[in-house]
Amino acid sequence: MAVNFLLFVFFFASRFMAGFNTELPHSNYENTITILSIDGGGIRGVIPAVILNHLEKALQVKDKEASLAKYFDVISGTSTGGLVTAMLAAPHRDDPTRPLFTAEQVINFYYQYGPSIFNETSGWDATYPGTKYDGKFLHKIASELLKDTRLSETLTNVVIPTFDIKKFHPVTFSSFKLKAVSSLDAKLSDICIGTSAAPTYLPPYYFENDGAEFNLVDGGVAASNPAMAAVSEVMKQKRAKILLLSIGCGTKELTGFDADVATHFSAAFWATSGLAVGAYDISSKDITEYYLDNVLPNIRSSRNYLRIQEYKLDPSMDALDNATIANIKNLEKVGESLLKKPVLKMNVDTYEPEVKTNQGTNAEALEKLAETLYKIKQFRQKKNMIEKLMGRPILKNIPNPFATAN
């Protein structure tokens, strides 16, 4: 009797599992963490929004309900990238299972609100006692869109760097830190306003949360490219394979100076020419590539790392506050053109971008990335399903043939 029952169980199990005859994706997807990182750059955030729209549309070919928050384990952004991060990761008020914004809606956000965010203070110049913009509209629209949503309520993990000018050190609002530092579970609107407060452009931002005070300026002061910050947060949690997409907001080519010429530059020239700010911004992005290359060489040498950046942005589009509709249209065209260009990789010895062989265009690389992200998600879903089917909740319902009848 017992033998016959066991034979029945084995037969039933084999037929039951045969229903799941779709092959699992390759085990290389085991223990892979997917990260999206978005640079700072003011109104130039239109460029990464165009890139992300292409990726999201590629995902939706395979999964019509796809959103970036469902396919990336971590989304990180600095300054305007932090604002994009919040829009992509915050739950929609009408349906908390989907994000507040699609990537396409982010593009529209810049068109609709960019000119009002960068509405110049009348009569402002470099000697004016205050910032170029009062920030009131940004504060208003961030509060209206994000309402009371907190960092702990995002659809995926979020990492947003800022800089506290009172404590004089970076503050990283990270989903991974919330258990240890409860004060970081701030409203997304407060975090976005803080990380976007570019010195001289928008006023520093003060708020309190859970007994802690924050006096924040632009996250770009600490990390204009937040990729390494996001990777570091993941590495502290677990040993994992990293799949990283990093998107820049475009940079113009800078003309350098001989040391004997620069020796005679006045402090006013360094400040008013923007040379100092440009040097810090470019060096911050370059050193991030250097760290990735040295700390995680397997990422940069594989298809698990894709950096999309326009390194020769037209100087007329470089200003982070040029929010005319005409310039926003031009930035959108830059993003569309960037999709057609070959994938580049920064050489961290020469700091010259080089064509990455056998990668095709950025659009093609994004479409391949979409395939990989989809396979990772399928792998996880099927693995979870099998684990549930083969776990105790299923097995405990099978009657024990050796139990003594009452």
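**Exercise 1.** In this predicted model, find the helix in which Phe109 and Tyr113 both lie, and then work out how their two rings are arranged.

*Solution.* Begin with the places in the chain: Phe109 and Tyr113 both belong to helix α5 (residues 103–117), where they are four residues apart, about one turn of the helix. Next, consider the count of aromatic pairs, which comes to eleven. Phe109 and Tyr113 form an aromatic pair with 5.2 Å centre to centre and 55 degrees between the planes. Because planes under 30 degrees apart count as stacked and those over 60 as edge-to-face, with the rest tilted, this pair of Phe109 and Tyr113 is tilted. Finally, Phe109 is buried, and Tyr113 is buried as well.

**Exercise 2.** Describe the aromatic pair formed by Phe118 and Tyr133, and say whether these residues are buried or exposed.

*Solution.* The rings of Phe118 and Tyr133 lie 5.4 Å centre to centre with 75 degrees between the planes, and the pair is edge-to-face. Although Phe118 and Tyr133 are both in the loop between α5 and α6 (136–146), they are 15 residues apart, and their pair links distant parts of the chain. Both Phe118 and Tyr133 are buried.

Notes:
Residues are numbered from 1 along each chain as its sequence is written. This is a predicted model: local features need pLDDT of at least 70, side-chain atom pairs count only at pLDDT 80 or more; totals for chains, interfaces and linings use all residues. Side-chain values use heavy atoms; hydrogens and water are left out. Rings of Phe, Tyr and Trp (its six-membered ring) pair if their centres lie within 6.5 Å; planes under 30 degrees apart count as stacked, over 60 as edge-to-face and the rest as tilted. Helices (H or I, at least four residues) and strands (E, at least two) are DSSP runs, numbered from the N terminus. Buried means under 20% relative accessible area, exposed over 50%, partly exposed in between (1.4 Å probe, protein chains only).
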